Amino acid sequence: MDSPLWISAFLDLPGSSFERGVMFWSEVAGCRVSAPRGARREFATLVPPTGEPYLKVQRLDEGAHGLHLDLHVGDPEAAAAEAVSLGATVVADRILPEGYLVLSSPGGFVFCFVEHGTHDGSTRTHDGSTRTHDRSSAVDQVCLDIPSAGHDQECAFWAAVTGWAHVPSPGHDEFTALERPPGTPLRLLLQRLGESSGPVRAHFDLAAEDRAAEVRRHAQLGGQLVREESEWTVMRDPAGSAYCITDRRPDLGG
């Protein structure tokens, strides 16, 4: 199937922690928060100083915090039909007035096909930079956390849906990246978990030139340190969502 024309990520936040979560991530990314939209004013966009936005937020009426992907395509219905043939399930079985279709992957990860040009402008271009503040870091990766039993099927699904090739992660057998096209703001990383079953979920990863300094900055903004690893630090945002700050270079992403 055709590759997405653009990809964006939604933070799904319960109403009780929505304002705290939005404030935190807008500060982390150096973005302003757009005016709310949607039938219940439940959606907003984190708008960077330059370039097209790719980070968004949604206030949930029920359910726990999470993260989902929007894949921007020319024909959401056709894309959904192809995704279903690859093992996806349609959650909302019709195009909604806002122009998107909701599906879940074979492992249960919810994502949307969005009609290209109906959200935040008619075109999508990116200048190659995801730095949106005066520090050397970037919110540039979504990591899918995949239980081991369904790992191979989920990896094959996302490679087929995006059209992006698998790239092994040297020294880390549990990780595989998908090679994003030039100009695409978000990388996709696929992680095989130690647990064998359960739904696929996701978290943000940041690239940082100085990981220790970035951890301190996040702590000042309200983030909580969970644990330190050799190449990344696990954090938790004020809304309760886990994420990682990594040693990857922001200008290269790898």
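Which residue forms a salt bridge with Asp140, and how far apart are the closest N and O atoms?

Author: This is a predicted model, where local features need pLDDT of at least 70, side-chain atom pairs count only at pLDDT 80 or more, and totals for chains, interfaces and linings use all residues. Residues are numbered from 1 along each chain as its sequence is written, and side-chain values use heavy atoms, with hydrogens and water left out.

Your partner is Arg248, with the closest N and O atoms 2.8 Å apart. (A salt bridge here is a side-chain nitrogen of Lys or Arg within 4 Å of a carboxyl oxygen of Asp or Glu.) Arg248 sits in the segment after β16 (242-246) and Asp140 in strand β9 (residues 137-146), so the pair ties together parts 108 residues apart in sequence. Helices (H or I, at least four residues) and strands (E, at least two) are DSSP runs, numbered from the N terminus. Both Arg248 and Asp140 are buried, where buried means under 20% relative accessible area, exposed over 50%, and partly exposed in between (1.4 Å probe, protein chains only).

That segment after β16 also holds Asp247, whose side chain meets Arg211 in a salt bridge at 2.8 Å, N to O. Arg211 belongs to helix α4 (residues 211-221), 36 residues from Asp247. Arg211 is buried at 13% relative accessible area, while Asp247 is partly exposed at 39%.

The search of the whole structure finds eight salt bridges.
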